[in-house]
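Please open the structure in your viewer and keep the selection tool at hand. The stops below are to be taken in order.

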Amino acid sequence: METKIQENPLGIRVIKRNGDYVEYNRSKIVNAILAANNNSDIVNDDDKCSEELAIKIAKDIENQNRGLVEVEVIQDLVEKELAENGKIELSLSYARYRKQREIIRNASETEKSILGILQNENKDVSEENSIS
């Protein structure tokens with residue numbers, strides 16, 4: 001039986017890391033939790049999260065938030081809700097995954113900055129190196 005997920009029942013908007021606003025989408029939370037099941041080293045099925053619990057966690061997050069909410073707040077709440085529902089190992093795995101993604105995002109920004117310098121696109125560097 002396929003579960004019908006109501007995407008944005010409360011009109012919540014999410015503030016992304018880049019500052020953009022997007023409509024809240026419950027299935028993104030559910031899918032992230034279920035993906036954490038598959039991408040973790042957890043072998044005991046009791047330590048994994050069912051789709052029903054993932055939906056419950058998404059609903060709990062919705063009940064705690066109205067209007068605008070930052071993506072990081074949602075992710076913090078996912079970690080907290082997983083732990084509070086006895087999914088400690090999954091919560092820790094989810095936290096490790098978030099940290100890895102943060103490192104990749106930051107590395108990407110650093111690489112873009114370095115590439116900009118190498119391609120002489122950085123205005124400050126260009127002006128500093130220009131002949132007066």
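**Before selecting.** This is a predicted model, in which local features need pLDDT of at least 70 and side-chain atom pairs count only at pLDDT 80 or more, while totals for chains, interfaces and linings use all residues. Residues are numbered from 1 along each chain as its sequence is written, and side-chain values use heavy atoms, with hydrogens and water left out.

**Stop 1: the whole chain.** Display the protein chain as a cartoon: five helices and three strands make up its secondary structure. Helices (H or I, at least four residues) and strands (E, at least two) are DSSP runs, numbered from the N terminus. Followed from the N terminus, the order of elements is β-β-α-α-β-α-α-α. Of the 132 residues in the chain, 30% are buried; buried means under 20% relative accessible area, exposed over 50%, and partly exposed in between (1.4 Å probe, protein chains only).

**Stop 2: two helices.** Select residues 26–38, helix α1, and residues 88–118, helix α4. Their axes come within 10 Å and cross at roughly 100°. Axes are lines fitted to C-alpha atoms, for helices over the stretch in contact, and angles run from 0 to 180 degrees between N-to-C directions. The helices α1 and α4 are therefore roughly perpendicular to each other, a term for angles of 65 to 115 degrees. Now show the side chains of A32, A36 and N37 on α1 and of L90, S93 and Y94 on α4, which make the contact (heavy atoms within 4.5 Å).

**Stop 3: the largest pocket.** Next, select R17, A32, Q75, Y94 and Y97, the closest to the centre of the largest pocket among its 30 lining residues. A pocket is an open set of points on a 1 Å grid over the protein atoms alone, where a 1.4 Å probe fits, with protein on both sides within 12 Å along at least five of seven lines; lining residues have an atom within 4 Å of a point. The space in this pocket is about 860 Å³, a volume being the space filled by probe spheres set on the points. Which element gives the largest share of the lining? Helix α4 does, with ten residues.

**Stop 4: L34.** Select L34, in helix α1. With 23% relative accessibility, L34 counts as partly exposed. Beyond its neighbours within four places in sequence, L34 is in contact with C49, S50, E51 and A54.

**Stop 5: E23.** Finally, select E23 in strand β2. E23 is partly exposed, at a relative accessible area of 47%. Its C-alpha atom is separated by 7.4 Å from that of G11, twelve residues apart along the chain.

Conventions. Angles under 35 degrees count as roughly parallel, over 145 as roughly antiparallel, 65 to 115 as roughly perpendicular and the rest as oblique.
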